[in-house]
Amino acid sequence: MRVAVLGGDGFCGWPASLHLSDLGHTIAIVDNLSRRQIDKELGAESLTPIATMGERLAAWQETSGKSIEFHNLDIAQDYAELAEFISTFRPDAVVHFAEQRAAPYSMKNHATKRYTVDNNVRATHNLLVAIVESGLDVHVVHLGTMGVYGYGTAGMKIPEGYLDVQVASESSEPLSQQILYPTNPGSVYHMTKVLDQHLFAYYAKNDELRITDLHQGIIWGTNTPQTLRSERLINRFDYDGDYGTVLNRFLMQAAVGYPLTVHGTGGQTRAFIHIRDMVTCIQLALENPPAKGERVKIYNQMTETHRVRDLAELVARLSGAQVAYVPNPRKESAENELYVSNDTFLDLGLHPTRLEEGLLQEVEDVARKYAHRADRSKIPARSLWTSAQAAGVPDSEK
């Protein structure tokens, strides 16, 4: 299969590209290296040392005997070049990771809010238009987020995309319908994924594009079997307050002796998935595409749910770290329940990596190994969700 991986230099895109290449697919990475530029903007680096793209690709060819194309292209801005790439490379599938992925960064200031919307929505729409213009039958696999549903308590298990409803009618019998499960985004970043979802629904209906949208939980872990073959292939490990995911932040904090920063009560329940399982899910999605004319396939790409404070206590027990409760920079429920249906990937053969199987190894093999690279000043989460928070107004006075 010929697969274009948009955003293939990033935290998810890089290991997914190597995994698919290792399976024998012909891979082309398209990336404008914007994530590296954001590192410079924030003055923060990955805990793990990230090689240049040229060094990465050379190391992959040396260790695997396989080559990966690279195209430095901004798909949100360079539509003509994107359309030319699609027509020339003629992919069977496109894996779309090319979006600004951090909720805190999207809420940082007016510039990051505008950038996140401009980049994410234009990138997705440009891709869909370019595929229609090419006339090719291309399967789009998009990495979305469970965060489109918000983090309140739904009172039910969140289904995979669609909800069965009954609508009152003028006749005696109610009408049964299936609708997209209602969204409730918790940040500008999550809002862009909601907009993506509606773009996908339209183009699947109007132009019969084949699209799979993966609503993913929070990724933990760093490496896959492929990225472990050489230090030049190692994946990102973000720990800063804008890009570090909660569990990876705990692991790094434990490694450097920094108290585990639990926001608010820590009663927020989140969905999680290991990065090895993420790349497997991408593979399974590519191997099981929707038919032409079928509605968008939506899968919940997660393997387990946990409360944040329970995760902190687990890491503290493993590492001996202390736990510190700090004000929550987000506007969200202090406590919530989260129940998620993830039957599709389990039925397709996913064997989840559980937290208890990999946490200690992650602390030892990654967090402690590279602890000397940590900048403790970048650990606190300083992006605030509202102007009232920035002004220091307590919740009770809002």
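A salt bridge here is a side-chain nitrogen of Lys or Arg sitting within 4 Å of a carboxyl oxygen of Asp or Glu. The idea behind it is simple enough: side chains of opposite charge can pair when their charged atoms come close. In this predicted model, a search of the whole structure turns up 17 salt bridges. Some of them join up, with Arg 35, Asp 39, Arg 101, Arg 236 and Asp 238 linked in a network.

Asp 238 lies in the loop between strand E10 (218–220) and helix H8 (246–256), while Arg 35 belongs to helix H2 (residues 34–42), so the pair ties together parts that are 203 residues apart in sequence. Both Asp 238 and Arg 35 are buried.

Asp 238 also forms a salt bridge with Arg 101, and here the closest N and O atoms are 2.6 Å apart. Arg 101 comes from the loop between strand E4 (93–96) and helix H5 (103–106), and Asp 238 from the loop between E10 and H8, so this pair ties together parts that are 137 residues apart in sequence. Arg 101, at 24% relative accessibility, counts as partly exposed.

Another salt bridge brings together the side chains of Glu 335 and Arg 307, at 3.5 Å from N to O. Glu 335 is in the loop between strand E15 (323–326) and strand E16 (339–340), and Arg 307 is in strand E14 (residues 304–307), so the parts tied together are 28 residues apart in sequence. Glu 335 is partly exposed, with a relative accessible area of 37%, whereas Arg 307 is buried, with a value of 17%.

Turning to helix packing, the axes of helix H1 (residues 13–22) and helix H3 (residues 53–64) come within 12 Å and cross at roughly 25 degrees. Angles under 35 degrees count as roughly parallel, and H1 and H3 are therefore roughly parallel to each other. The crossing of H1 past H3 is right-handed. On the H1 side, the contact is made by Trp 14, Leu 18, Ser 21 and Asp 22, and on the H3 side by Met 53, Arg 56, Leu 57 and Trp 60. Sorted by class, this contact has 5 nonpolar, 1 polar and 2 charged residues.

Notes. Residues are numbered from 1 along each chain as its sequence is written. This is a predicted model: local features need pLDDT of at least 70, side-chain atom pairs count only at pLDDT 80 or more; totals for chains, interfaces and linings use all residues. Side-chain values use heavy atoms; hydrogens and water are left out. Axes are lines fitted to C-alpha atoms, for helices over the stretch in contact, and angles run from 0 to 180 degrees between N-to-C directions. Helices (H or I, at least four residues) and strands (E, at least two) are DSSP runs, numbered from the N terminus. Angles under 35 degrees count as roughly parallel, over 145 as roughly antiparallel, 65 to 115 as roughly perpendicular and the rest as oblique. A crossing is left-handed if the near helix is turned anticlockwise from the far one by less than a right angle, and right-handed if clockwise. Contact means heavy atoms within 4.5 Å. Ala, Val, Leu, Ile, Met, Phe, Trp, Tyr, Cys and Pro count as nonpolar, Asp, Glu, Lys and Arg as charged, and the others, Gly among them, as polar. Buried means under 20% relative accessible area, exposed over 50%, partly exposed in between (1.4 Å probe, protein chains only).
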